[in-house]
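Please open the model in your viewer and keep the selection tool at hand, as each stop below tells you what to select next and what is to be found there.

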Amino acid sequence: MAKIPDWINEGLACYFEQAKIDSAGKVNIKPWESGKRIMKELVRKKKFDLKWLVGTSYKKFHKRHEHNHYVESWAIVYFLMKTNQKVFVDIVKNLKSKTGSVDAINQCYKGGAEQLEKDIYNYYK
């Protein structure tokens, strides 16, 4: 893949930003609490649009509501890492380009992008 899609790049950055290593050397990743609160509010207001987010351009991602886009990207990564890491890895492996994110999700997530969006809505209710 020539360029990592913004939702993957920023979602993973926010995900690993929450990592802590304990005294035994084990990595623990906790939820981003303020991000979780914002995501819950976006879900409550029905403002989360998975297909738009994963298919948007760099310019649009980093323009209006940029912080929300970081939160949404984290929320997708966190959800997939908590519920099915293998599917997340498969999505990343199947990415062909930024516009291919929806296709990769449709190929790898049971029920496709529409089901993933529903599952994320239910998870962050």
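Begin by selecting Y124, which, leaving aside residues up to four places away in sequence, touches K36, M39, K40, V43, W74, A75, Y78 and F79, contact meaning heavy atoms within 4.5 Å. This is a predicted model, in which local features need pLDDT of at least 70 and side-chain atom pairs count only at pLDDT 80 or more, while totals for chains, interfaces and linings use all residues. Residues are numbered from 1 along each chain as its sequence is written, and side-chain values use heavy atoms, with hydrogens and water left out.

Next, select M39, L50, I76, L80, I105, I120 and Y124, the residues with the most contacts inside the largest nonpolar core, which has 37 residues. Such a core is a set of buried Ala, Val, Leu, Ile, Met, Phe, Trp, Tyr and Cys residues joined through side-chain atoms within 4.5 Å, buried being under 20% relative accessible area with a 1.4 Å probe, protein chains only. The largest share of this core, nine residues, comes from helix 5 (helices being DSSP runs of H or I, at least four residues, numbered from the N terminus).

Now show helix 5 (residues 66-83) with helix 6 (residues 85-93), whose axes, lines fitted to C-alpha atoms over the stretch in contact, come within 5 Å and cross at roughly 130°. The contact is made by V77, L80, M81 and T83 of helix 5 together with Q85, V87, F88 and I91 of helix 6.

Finally, select helix 1, where the buried residues are D6, W7, I8, E10, G11, C14 and Y15.

Conventions:
Axes fitted to C-alpha atoms, helices over the stretch in contact; angles between N-to-C directions. Helix = DSSP H or I, 4+ residues; strand = E, 2+ residues; numbered from the N terminus. Buried < 20%, exposed > 50% of the residue type's maximum accessible area, 1.4 Å probe, protein only.
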